[in-house]
Amino acid sequence: MRAVAFVVALGVTRLVVPLWCGRDAAAWYGDDPATQRALADELVAFERDTSDAASEDRFVGEWALVTHQMVALGLGQLCLAHPAWRAELAPLVTRAAIRSFRREMRAFGTNAWHGEEAMSTLDGDHGHAYLAYPALALGMARLLDPAFPADIAAQHDALIAAFERRLLASPTGLIETYPGEAYPTDVAAVAGAIAMHGRATHADHARVLAHWAASVPGQTDPATGFVIQRMDATTGHAHDAPRASGTALAAYFASFADRAIATRLAKAALAHTATHFGFGAIREYPEGVEGHGDVDSGPVVLGVSVSATGFALACARIAGDEDAFIAIERTTDLFGLPIRVGDRRAFAIGGPIGNALLLALLTVPR
């Protein structure tokens with residue numbers, strides 16, 4: 001009897017748990033307004049209540065900047081999908097985007113560049129590619145908000161012009177994020193920011209975007225299609241392995257600039273999906289490559305990356321792969337612990353940055 005009970009319990013677990021964890025997956029994939037709005041309202045409350053505190057610590061500072069950037073992108077995507085929400089949400093897109101662009105938010109980058117402040121040295125050759133993250137958010141805000149401040153718009157124009165000049169001057173199509181460190185994922189964000197600026201201002205950036213697109217194959221592993229996580233901007237030599245976390249996030253950023261490249265990167269990431277009992281997860285490293293987790297990947301457990309799995313929600317939408325989306329969303333539910341706070345929805349694990357990332361990733365245009 002105990003053996004029978006164990007088999008029954010195992011069968012129920014395999015059937016019920018995936019169904020329970022995936023109960024909202026179809027609603028997310030189908031762009032259900034009520035499901036989207038519940039998480040959006042949690043981020044609206046966050047932007048209204050949060051302070052502007054930041055940190056000079058590289059990783060803490062990056063997370064603060066990315067949180068506001070992803071709030072802006074997620075809410076912006078909802079404005080584009082639901083025009084009736086635009087009047088209410090567009091000012092909050094601007095608020096979040098400007099917060100991500102504040103001088104104190106990029107103090108970690110200034111510290112990494114030994115005191116060189118990015119916006120004060122736009123005529124220089126150093127990449128400062130981390131500023132593509134707020135630049136992309138500012139482009140989204142300018143596209144949506146007719147009341148976007150003129151002084152910030154002028155700074156945004158100057159930053160995009162600097163990125164354009166630096167990219168065109170680079171034979172590898174790479175510019176540095178930090179001294180000696182170029183990340184193809186961040187350069188995809190640069191391309192996305194330039195493209196979004198063109199969409200918002202009608203500026204012609206075709207030449208630089210074509211240059212970036214032509215360089216992407218040299219930044220990817222031909223065997224897997226993964227982008228190299230970290231490279232030398234001048235020589236193009238790899239400083240790290242091809243990895244899924246960078247590839248999946250690069251696919252999201254590339255979707256603002258070149259849908260074909262985004263789809264190619266998205267499919268490369270999804271090709272490394274491991275599915276068990278209906279739950280999907282993404283391997284961080286290609287088969288046969290050993291590696292550990294870090295701030296980019298999050299914990300790597302049995303080869304599976306927390307960050308790559310979350311970012312792959314965007315990949316599944318970009319690639320139009322509903323089955324992969326549902327499997328990965330189940331995993332997100334299982335480990336993210338979705339909760340209700342009144343009419344709002346949040347994920348208990350991950351805090352504001354987790355909620356902000358998931359809003360953006362779960363609402364990528366399909």
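This is a predicted model: local features need pLDDT of at least 70, side-chain atom pairs count only at pLDDT 80 or more; totals for chains, interfaces and linings use all residues.

Residues are numbered from 1 along each chain as its sequence is written, and side-chain values use heavy atoms, with hydrogens and water left out.

**Stop 1: the cavity.** Select Pro184, Ala188, Trp212, Val216, Gln219, Val227, Ala250, Ile261 and Leu265, which line the largest cavity. Here a cavity is a set of points on a 1 Å grid over the protein atoms alone where a 1.4 Å probe fits but cannot get out, and lining residues have an atom within 4 Å of a point. Its volume is about 50 Å³, counted as the space filled by probe spheres set on points joined across faces, edges and corners. Searching the whole structure turns up one cavity of 30 Å³ or more.

What classes of residue make up the lining of the largest cavity? Eight are nonpolar, one is polar and none is charged (Ala, Val, Leu, Ile, Met, Phe, Trp, Tyr, Cys and Pro count as nonpolar, Asp, Glu, Lys and Arg as charged, and the others, Gly among them, as polar). Now colour helix H9 (184–201) and helix H12 (259–270): each gives at least two residues to that lining. Helices here are DSSP runs of H or I with at least four residues, strands are E runs of at least two, and both are numbered from the N terminus.

Stop 2: Next, pick the second largest pocket, with a volume of about 250 Å³. A pocket is an open set of points with protein on both sides within 12 Å along at least five of seven lines. It has 17 lining residues, and those closest to its centre are Asp125, Ser170, Leu174, Ala233 and Thr234. The lining of this pocket has five nonpolar, six polar and six charged residues.

**Stop 3: helix pairs.** Axes are lines fitted to C-alpha atoms over the stretch in contact, with angles from 0 to 180 degrees between N-to-C directions.

Then show H12 with helix H13 (residues 306–319), whose axes come within 8 Å and cross at roughly 120°. That makes H12 oblique to H13, the class left once under 35 (roughly parallel), over 145 and 65 to 115 (roughly perpendicular) are taken out.

Stop 4: Finally, select strand E5 (residues 338–341) and strand E6 (residues 344–347), antiparallel and joined by four bridges; pairing takes at least two DSSP bridges. Arg340 sits opposite Arg345 in E6. Two residues lie between the strands, and Gly342 has a positive phi near 65°.
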